[in-house]
Each structure stands twice: as structure tokens, then as C-alpha cells.
Amino acid sequence: GNLYVSERLDREELCGESASCSVSFEALVHNPLNVFHVQVSIEDVNDNSPTFSKAVLELEIDESISPGTRFPLEMARDADVGSNSQLTYQLTNNPSFSLGLNENWGGKKQPELVLEKTLDREKQSTYDLVLTAVDGGEPMRSGTVQIQVNVTDANDNPPVFSKRVYEARVAENLPVGSLVLRVRATDADAGSNGRVSYSFSDVTDVLSTLFAVDSKSGEVRSAGPLDFEEKSNYVFGLEARDAGGLTGHCQVQIDVTDENDNAPEITILSLSSPVPEDAPVGTVVALLKVRDRDSGENGEESCELSGEAPLSIVASSGGSYKVVTASALDREQAGEHRVTVVARDRGRPALWSRAELVLEVSDVNDNAPVFSEAAYSAYVWENNAAGALVLRVSAWDADAGANGRVSYWLAGGSAGAAGAAPLVSVEARSGAVYAQRSFDYEQCREFALTLRAQDGGAPARSSTATLRVFVLDQNDNAPRVLWPAPAAAAAPAAAPAAVPFEVVPRSAEPGYLVAKVVAVDADAGRNAWLSYELLQASEPALFRLGLHSGEVRTARAVSDRDAAKQRLVALVKDHGQPALSATATLHVVLADSLQDALPELSERPAAADAPAELHFYLVLALALLSALFLLSVALAVLARLRRA
């Protein structure tokens, strides 16, 4: 926070003849951003010596002029101010002349050469004097000019101005060559001694470029552009000289009035760009300095913002302005704000200037990823290959950079009948969901899981979506016959296989239900729709098989010519593509009773009767039990009747 001098300061160069001199600037303080007005006063030191505009002052004095006559001399100039510019004058000793001082209109001491005694041109025609100007600084500085006095013949009257001080007021935009004022001096002498010429008496080089005096008419005209902002007042002396060498002096004061010729100047002191989008309302994003070099109402300025942006401008001290956020910023709606700062003064007509501000809004992680759908559904055929693509999900994050970089994860779910083993996986970058293994519709028809999309911000934000995977059935299961049971399933492998049979009485009418083929298919839909047809039969015309019911019925009445033993082969097939099928074998015995069927069964080949041996004994035991039951009932009835 220390302030250092970076280069040599020159008060005269910075402020010229101004009594006070200061340098103003703004100091910026960051975190939080603020501006402070600093004013450094520059104090004068006596580093300039008094100077005269001419090295030699020539005076022509008539020998007839009486003692006590005063001749104004050129005033020295000292660029310093205050006591450092307060001048005193000294003149070399000479019995004919002395130094006098006269306070002029501006309060400054005007040196004058005073004639002490009558001059005699025949004795001495020239006098060489030295005028020394000494300032009041510490240490003192001085400057000298040589005065050469030429004694001439009689010229009784010096020129006399009509006024001691001439005043004029001109506008700063006065065209070059315009008349400012006219001075007039008269000389009572006649002839050449009465002709007067005008010239500057003590002017700086700068002033001589701004004004010019006509040596004959006394008209003072503008010679260069006047600028009120550079200097508003000019004071200089004019000299009237006749042909005899006598001079008269007057002072001219010209006041320059201000015109509204300077538009406000906008300086961007600081611009905080980019600004985070979560910056609170009232955050300072820019500091401006507006300066109008004009004065009065012409220099009073006002600032405003032009453009649609959540910004406002607030006036601060010393012509500074703060641009602050007026409402919340949102990078997702507008990543950049362009506003124009317009500064106007109060002159007539008003002048204005503008500067463009470009404010970039940096991203903060204020948006969570959003899935394109809240719930996804995927359909996968069973028996798929492991690693097959199931679905590709996508999520979008309105943030930028790492805050908007989305990765995908499995957040959880249910595997249904598949157990705890993972069924799918998701690729973190692409959102592709892959099957981890082959699906089986018969084990798991559907399952749900939760997907999480997470951005790369800190802290990270995430959102979830559900995914339901439906496994589609394929015809990968053949029908399974439950009845009649296949020979391999009817008995243990170590025992002889028993072939099931049905007994049909020979008196059975057409449509008699012989048996029902029962089959199931583990598939679903059309793949599980079963149809039945008779593939083989000993007597194809004797039996018919229901297409959809699987019921085996007699197609006609049983005749004596029909063989007692019938073998039927039923085909069961589903409606899948391609269709799968299974067969069932049914043995039928045509007999009116079990006793009639036994011979037929015993005549069967050993290889064929062996599986049915168990059934035979069971039926025989059942018949014996029935006979014993009937005999017991009959005996009981006879006993009761006998007792009665």
C-alpha cells in the first residue's frame, strides 16, 4: 500500500503558473473491489531562476527630459510560485539613473528606470546598466538583463495609453485571427516623434503564439487556438514607442470563457471478468472514471448503462462509478453480457461519449445432470450374447467444463429371479448399458435398476433415472409331456420300465374318453400354445385326438375285429418359430373287464410286459379285495335273513 515517486516531479511542467498543484488518481483495492481517490499535493521548491525575455533592453532618452522621469522596464519572470517567485530588483550604481518600483494592476512590482539628473548627449551618448532580479527562495536565485540607454536629441513627450489596464473576454473557440481588443496610445509630439508603434513588452513564448499585436493599429488578435481547459486567463504587457525612443506601457488582461467543446472521457479503471455466476447481488464488477475537462454545467456529467443486462451503475466519489450486479447471474442463460456506458454532460448542446463493457460469466456447478427420459424401457431377447448392448442412455448438464462432464453409474436395482449376480453394466463415459450374461426368460422375465448421472463438479451433482429391462421370450423349450409319463420317468433306472395303459370296453360308443394327454411348455405366448395330433395308431380310424384339448376318444364303435392291444403315438408341438415338439405313447387294451384284459397283458412280450408287471399285481390285488368285500356283504345279508 506504499506510494512511491516513480519519476522526477516538475511542478512547473505539471501545473504551470497555478498557485496550487496536485496530482489526482484512483487506488484500487481488491477483495472486495473498491476505489479510493488519492490527491497528492506538489509543493514548489526554488528550482527556477528569474529570466528576462531579452538579453538587452534598449532605451532612447531625450537629453532634454527633466530629472525624475520614469521609464518602465521589462519585468522578469520566475516559473516558481509563492515566495520563490517574489522578485526584487537591483540596478548597478550610476549617478545618472536609479531604480524605482511601481506596483501594477496585478499586484506585481514593475521596475522603472528613474532619471536622476539631466543628460548631455555631447558629454556621454550611451549608458550601459545591468538590472538584476532576485527571487525570495532559499537559496536565492537571480537573473540579469543589460540595459543600454541611448541619449537622443529633444523628444519631449512619451506615448500615453488611453487606459492603464485593458480587459477583454473571449470564447475559447474563437477563430484564429479574430479581433480581441484594440489599444490606443497618443504622443503629443509632432512629426516622427509623434508616430507610435505597438509591441509586446513582457510575454512568454507560449503567449506570443496565441496573440499578435498590430504595430500600427494596436489591434490585438488571436494567433492560435485558445483552450479554456489549459488556461483561462492571460495577462501581458504592451509597449507603445515613438520614433524618438520614448515608450509607454499598459497591461492587457484577457479572460477566456468556457465552451462545451469536450465530451466526457470514460476510463475503465478495473474490470472483473469473468465473474462467477453465483456472485451475490451488488458485487462490483467494474470501476469507471468519468472526466469532463469543461467547467460549470459543461463539466457536470451523468452516467448510465445501455443494453439488456443484470447490471446497474452507481456513482461514487471523485467522478468514479461502480458497475454492480443488479440481479442474479446465470451463465446457462447468458454467458456474456455486453453493455454500453454512456456519459453525458449538461452543456448545450450536450456532448456524450460511450464505452463498451464485456462481462463474461464463469460457470459454477449449480445444475445437476438431467436424463433425456425419467424412465427408460429396454426389450432384450433371451439367450442374448454376454456383452450385448441393451440400451444407451444420455444425460445433459447445462454447466460447462468439468461441471458439465457427465459420467454414468449403476445406483442399484432388483435382479428379479436372477439373484444377486449383476445382470448389466454401464459404461461411465458413453452411458451404454451392456448385458453381463445371457438372459433366460423362464428364469427372469423383467428387472429394474437405477442409473445415476454425475457431473465432475466439486461438490458433484447427480440425478437418477429408472431402467426396466424386459426379457423377450424365444422358442427355446420343447413341450414336456406329463401324462402319459415317458417310460424313462415312470420308473427308476434300475427297475424295468412300466408302460402305462388304458382299458377300453368293447362296448364303448363313439366319443368315449380313453385318456388325456397332458403337456406343458415353459415358454410364453405363442411359443407355449400347444396342439395335439395323432402321429401313429394301430387302428387309425378307431381313435381321434383333440387338437387343443389333448383328449383321446374313440372315433367309432369298437368291433370284434379290432385287436385287443392298441398302441397310439401322440405328437405335441408348440407354435414357435421354428416349432418344437414332443411325443407321447399310449397303450390301450380293448376289454370289457380287467379279467378279460389280463390274458392280453400276459401275452405281451416279456420285454413289453416287464414294465407293466407292477400294474398287473396292483390291479389283481384290487380285484381280490373287491371280491372279498362283496362276499362279506353277501354273507352278512344271508346271516340277517337266516336270523329273521
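**View 1. Val637 sits in helix α6, residues 613-643.** Helices here are DSSP runs of H or I of at least four residues, strands are E runs of at least two, and both are numbered from the N terminus. The model is predicted: local features need pLDDT of at least 70, side-chain atom pairs count only at pLDDT 80 or more, and totals for chains, interfaces and linings use all residues. Residues are numbered from 1 along each chain as its sequence is written, and side-chain values use heavy atoms, without hydrogens or water. Val637 has a relative accessible area of 43%, so it is partly exposed. (Buried is under 20%, exposed over 50%, partly exposed in between; 1.4 Å probe, protein chains only.) Val637 belongs to a nonpolar surface patch of about 1000 Å², with Leu625, Phe629 and Leu641 among the other members. (Patch residues have over 30% relative accessible area and no salt bridge; nonpolar side chains are joined within 5 Å, like charges within 9 Å.)

**View 2. Arg11 is buried, at 4% relative accessibility.** Arg11 lies in helix α1, residues 11-15. Its side chain makes a polar contact of 3.4 Å with that of Asp44. (A polar contact is a pair of N or O atoms within 3.5 Å, within protein one able to donate a hydrogen and the other to accept it; residues adjacent in sequence count only if both atoms are side-chain atoms.) Beyond its neighbours within four places in sequence, Arg11 is in contact with residues including Cys21, Ile42 and Val81. (Contact means heavy atoms within 4.5 Å.)

**View 3. Cys15 and Cys21 form a disulfide, S to S 1.9 Å.** The structure holds one disulfide. (The cut-off is cysteine sulfur atoms within 2.5 Å.) The S-S torsion is about 65 degrees, so this disulfide is right-handed. Cys21 is buried, at 6% relative accessibility.

**View 4. Asp47 and Arg8 meet in a salt bridge of 3.7 Å, N to O.** Asp47 is in the loop between β2 (34-41) and β3 (56-62), and Arg8 is in the segment before α1, 39 residues apart. (A salt bridge needs a side-chain nitrogen of Lys or Arg within 4 Å of a carboxyl oxygen of Asp or Glu.) Asp47 is partly exposed at 28%, while Arg8 is exposed at 62%. Both join Asp10 in a network of salt bridges.

**View 5. A salt bridge of 3.0 Å, N to O, pairs Arg70 with Glu112.** Arg70 is in strand β4 (70-72) and Glu112 in strand β7 (109-115), so the pair ties together parts 42 residues apart in sequence. Arg70 is partly exposed at 45%; Glu112 is buried at 8%.

Methods:
Areas by Shrake-Rupley, 256 points an atom, 1.4 Å probe, with all protein chains shown as cover.
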